[in-house]
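Reader: I would like to learn how to read a protein model, one feature at a time. Could we go through one together?

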Amino acid sequence: MFNLFKRRIPKELFHKDLPSRERITLVIEEFIEPALTDAGFTFKRRDLEFHRKRESGVREEIKLFTHRYNSKATGQAMFHPQVTLGYGPFDRFCTKVFGSKDLSTVWYGLPSELHGSTQDFLREGYYDLGEDDNRRIMEACKHNVVDVLLPRLNELSTPESLITFLGELPTPEVQTQLLLAAMNTDRQAAEIFLAQYEADCA
């Protein structure tokens, strides 16, 4: 007799009896932390954040945001990685030009925005350990963070590399490119970005 129905493959759920945040923390430690630690990041377990500051002045933060509706009772354990990219010389330039002493952000975005990333298992921007196969979720998350994001971050060390990176985003960060070019005293590039910025604002 032919089996007309596909056998459903059971979902693999990691640490399913633990509270949502603890589940998320453990899978991050198991799948993401080793590669980022090897690359020089420090993991702040309490805050679910990875930090790295390099001699070039580039600083990176990868934060795992958790959903406010996560609950052990419902089984929801939702999270997504967010990246903040900064640059020491850019901070000093912005302080000089604008007077702000706050650290300036070169880029704030998602690993899933980058070329070569995958949208697999993202549900309205979140991974949910309570909904999909956990191994497949973490393989997708690891691909975006370790295989796609990390190599791009490792390439960033100069104003020129930052400008190139920002231009490769789905929505180029033209205003920041303009400021970086001005900081780098690259008048020709600054004029090009200024024209693009004015066109975008028109």
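Reader: How do I describe the way helix H6 and helix H7 cross?

Author: Two packed helices are described by the angle between their axes and the distance between the axes. Here the axes of H6 (residues 174-183) and H7 (residues 187-201) come within 8 Å and cross at roughly 155°. That makes H6 roughly antiparallel to H7, a label for angles over 145 degrees. Axes are lines fitted to C-alpha atoms, for helices over the stretch in contact, and angles run from 0 to 180 degrees between N-to-C directions. Helices (H or I, at least four residues) and strands (E, at least two) are DSSP runs, numbered from the N terminus.

Reader: What should I know about the model itself?

Author: This is a predicted model, where local features need pLDDT of at least 70 and side-chain atom pairs count only at pLDDT 80 or more, while totals for chains, interfaces and linings use all residues. Residues are numbered from 1 along each chain as its sequence is written, and side-chain values use heavy atoms, with hydrogens and water left out.

Reader: Which residues of H6 and H7 meet?

Author: Contact means heavy atoms within 4.5 Å. On the H6 side, Val174, Gln175, Gln177, Leu178, Ala181 and Ala182 take part, and they meet Ala189, Ala190, Phe193, Leu194, Gln196, Tyr197 and Asp200 in H7.

Reader: Is serine 20 buried or exposed?

Author: Buried means under 20% relative accessible area, exposed over 50%, and partly exposed in between (1.4 Å probe, protein chains only). Serine 20 has a relative accessible area of 8%, so serine 20 is buried. Serine 20 belongs to helix H1 (residues 20-31). Not counting residues up to four places away in sequence, serine 20 touches Asn70, Ser71, Lys72, Gln76 and Ala77.

Reader: And where does serine 100 lie?

Author: Look in the loop between helix H3 (88-98) and strand E5 (105-109). Serine 100 counts as partly exposed because its relative accessibility is 32%.

Reader: Which residues of H3 are buried?

Author: Those are Gly88, Phe90, Asp91, Phe93 and Cys94. The buried residues of H3 pack against strand E3 (58-66), strand E4 (78-87), E5 and H6.

Reader: How many bridges join E3 to E4?

Author: Two strands pair if DSSP finds at least two bridges between them. E3 and E4 run antiparallel and are joined by nine bridges. Strand E2 (residues 49-53) also pairs with E3 in the antiparallel sense, over five bridges. Within that pairing, phenylalanine 50 has isoleucine 62 in E3 as its bridge partner.

How values were computed:
Angles under 35 degrees count as roughly parallel, over 145 as roughly antiparallel, 65 to 115 as roughly perpendicular and the rest as oblique.
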